Amino acid sequence: MNNNILDIFDEAVKLYSGQAGKLLKLAACRYDKKIFPTFGQYDWFSGVLLYCLIRHVKPVRVIEVSTSSGYSTIFSAMALKDNNFGKIYTFELSPIAAKAALTNFKRFGVSKIIDLSVGDALKNIKPLNLIRAKNKGKEIIFLDSEHTEEFARKIIPLLLKNTDTESLFHIHDILPKNADVTHRPLTGIYEKDFRYKVKLYWMLKRIAPSFIPGNLRNWVKPIKYNINYTTESRYVHKLAAKIPRSSQLFVHDIMDRYPGIKSQKFAGSVVGRCDKTGKPMEWNESWWVRCKELK
């Protein structure tokens, strides 16, 4: 595999982005709470990249912490299904979220290639590591869990154990330090000075729904987003500082690199996240790194 991670992305997108149309049916129901009741679904651009990378790398397995209601898991599963090779091992702490995920795996026809473990991933990953020791090969590893440094320090060594040197690791909800983004905080709609807007919003929603924003949160004033909001973010930035730039990338930095993938396609529904002007946008919050250097 090429030593430069960006070259790997370029080749993957070149070869497989043309097949991303089949993912539209998944992205179209991203904000349907009856299907995906949990928050924090993968952005469209990030999802296409994930699909392309799995198609290109052809991993023997994908390891994911956590499943949530299965949105990003299905992106991975559809790629493995098209590869006709590989399996996903995914871990979810919440039985309620896991139940929704299992339903979605059946809905999208990918149940057979997914092994879902419910409970504490720190404990449940041990049997998987026995399998990895016997059946080695390239992997795609995905961490999207507690977003704390404490958990990351515990789980990352377990996820890296027995992994192939050409495997790739990525963490969700991580932005680069230079990301110039704002957000509309959900807490804003509960502030005292905002209550009159809430009443006005619901009145107009009944009278003239086509003349107002589709979500109340659109009326909240955007504020600067703190990139290092979580202890996990601060920890990842420390790790990134020690790893060669050629071996890592933040997806946020390459949103305009592939014009064939329209990163703003579903941004109209992203009411909380904005650019510096307050316009809704997808942030594409993932950090990718080669496992060899992360070790």
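Helices (H or I, at least four residues) and strands (E, at least two) are DSSP runs, numbered from the N terminus. The model is predicted, so local features need pLDDT of at least 70 and side-chain atom pairs pLDDT 80 or more, while totals for chains, interfaces and linings use all residues. Residues are numbered from 1 along each chain as its sequence is written, and side-chain values use heavy atoms, with hydrogens and water left out.

**Stop 1: two positive phi values**

Select Asn-284. Look in the loop between strand 9 (273-275) and strand 10 (286-290). Phi of Asn-284 is near 55 degrees, a positive value in a residue other than glycine. Asn-284 is buried (under 20% relative accessible area; exposed is over 50%, partly exposed in between; 1.4 Å probe, protein chains only), with a value of 0%.

Now select Asp-173, in the loop between strand 5 (168-172) and strand 6 (181-183). Its phi is also positive, near 65 degrees. Asp-173 is partly exposed, at 27% relative accessibility.

**Stop 2: a cis bond**

Go to Val-65 and Ser-66. A cis peptide bond joins them, with omega about 10 degrees. Ser-66 sits in the loop between strand 1 (61-65) and helix 4. Most peptide bonds are trans, and most residues other than glycine have a negative phi.

**Stop 3: the largest nonpolar core**

A nonpolar core is a set of buried Ala, Val, Leu, Ile, Met, Phe, Trp, Tyr and Cys residues joined through side-chain atoms within 4.5 Å. The largest one has 58 residues. Select Phe-9, Leu-49 and Trp-288, which have the most contacts inside it. Elements giving two or more residues to this core include helix 1 (5-16), helix 3 (44-57) and strand 4 (139-143). Helix 3 gives the largest share, 10 residues.

Centre on Leu-49. Which residues touch it, leaving aside neighbours within four places in sequence? Leu-49 is in contact (heavy atoms within 4.5 Å) with Phe-9, Val-13, Val-251, Ile-254, Tyr-258 and Ile-261.

Next, select Ile-155, Val-236, Ala-240 and Val-289. They belong to a second, separate core of 28 residues.

**Stop 4: two cysteines**

Select Cys-29 and Cys-52. A disulfide is a pair of cysteine sulfur atoms within 2.5 Å, and the count here is 0. The sulfur of Cys-29 is 19 Å from the closest cysteine sulfur, in Cys-52, too far for a bond. Cys-29 is buried, at 12% relative accessible area. Cys-52 is buried too, at 0%.
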